[in-house]
Amino acid sequence: MKRKISTERFIVLIGIIFIAIILVVNMFADFVPHTLRSKDVPKTEITTQTATTPTKININTADVSLLAELKLVGEQRAKDIVTYRIRYGNFHTIREIINVPGIGEKIFELNKDRLTVK
């Protein structure tokens, strides 16, 4: 004699089978060749390259928020750089930034690799 199964029990049974399949797939995920894994896509290489090669900041065109990203240069010193640039004109060399009040040799040395006047 055939036994009927209720709709609720059938849905629960399908759910249990589905969860079991997911668990089995996850158990064997380590055995998938790494060329097929999406987590091995070299995303970290891209972020590492941008982290190690910061973009140059043109001190003749940069705004206050961009200049404030420099090491030991906060918003006030960034405003001083812009004010100096407006008053005296563009910088001809990156070293001229030490003429800005509050910007000394130490701040210049920390940031010289990120500065440009082109």
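Author: Happy to! A second term is the salt bridge, meaning a side-chain nitrogen of Lys or Arg within 4 Å of a carboxyl oxygen of Asp or Glu. As for charge, Lys and Arg count as positive and Asp and Glu as negative, while His and the chain ends are not counted.

Two notes on the source. This is a predicted model, in which local features need pLDDT of at least 70 and side-chain atom pairs count only at pLDDT 80 or more, while totals for chains, interfaces and linings use all residues. Residues are numbered from 1 along each chain as its sequence is written, and side-chain values use heavy atoms, with hydrogens and water left out.

Now to the residue itself. R85 is found in helix α4; helices (H or I, at least four residues) and strands (E, at least two) are DSSP runs, numbered from the N terminus. R85 is buried yet has no salt bridge. The nearest side chain of opposite charge is D63, 7.7 Å away. What does the side chain of R85 reach at 3.1 Å? It is the backbone oxygen of A62. Contact means heavy atoms within 4.5 Å, and, not counting residues up to four places away in sequence, R85 touches I59, N60, T61, A62, L67, N90 and F91.

Next, the charged pairs that do meet: the protein has 3 salt bridges. One of them belongs to helix α4, which spans residues 75-88. There E75 pairs with K79, with their closest N and O atoms 3.5 Å apart. These two residues are 4 residues apart, about one turn of the helix. E75 is exposed because its relative accessible area is 53%, whereas K79, at 37%, counts as partly exposed.

Another salt bridge joins the side chains of E105 and R95, at 3.0 Å from N to O. E105 lies in helix α5 (residues 105-111) and R95 in the loop between α4 and α5, so this pair ties together parts that are 10 residues apart in sequence. Both residues are partly exposed: E105 has a relative accessibility of 35%, and R95 has 39%.

K112 and E109 also form a salt bridge, and their closest N and O atoms are 2.9 Å apart. K112 is partly exposed at 33%, as is E109 at 38%.

L72 lies in the loop between α3 (64-67) and α4. Although L72 is not a glycine, it has a positive phi of about 60°. With a relative accessible area of 46%, L72 is partly exposed.

Finally, let us step back to the whole protein. It has 5 helices and 2 strands, which follow the pattern α-α-β-α-α-α-β along the sequence. Of its 118 residues, 19% are buried, and R85 is one of the buried residues. Among contacts between residues at least 6 apart in sequence, 47% join residues at least 24 apart.

Key. Buried means under 20% relative accessible area, exposed over 50%, partly exposed in between (1.4 Å probe, protein chains only). A polar contact is a pair of N or O atoms within 3.5 Å; within protein, one must be able to donate a hydrogen and the other to accept it, and residues adjacent in sequence count only if both atoms are side-chain atoms.
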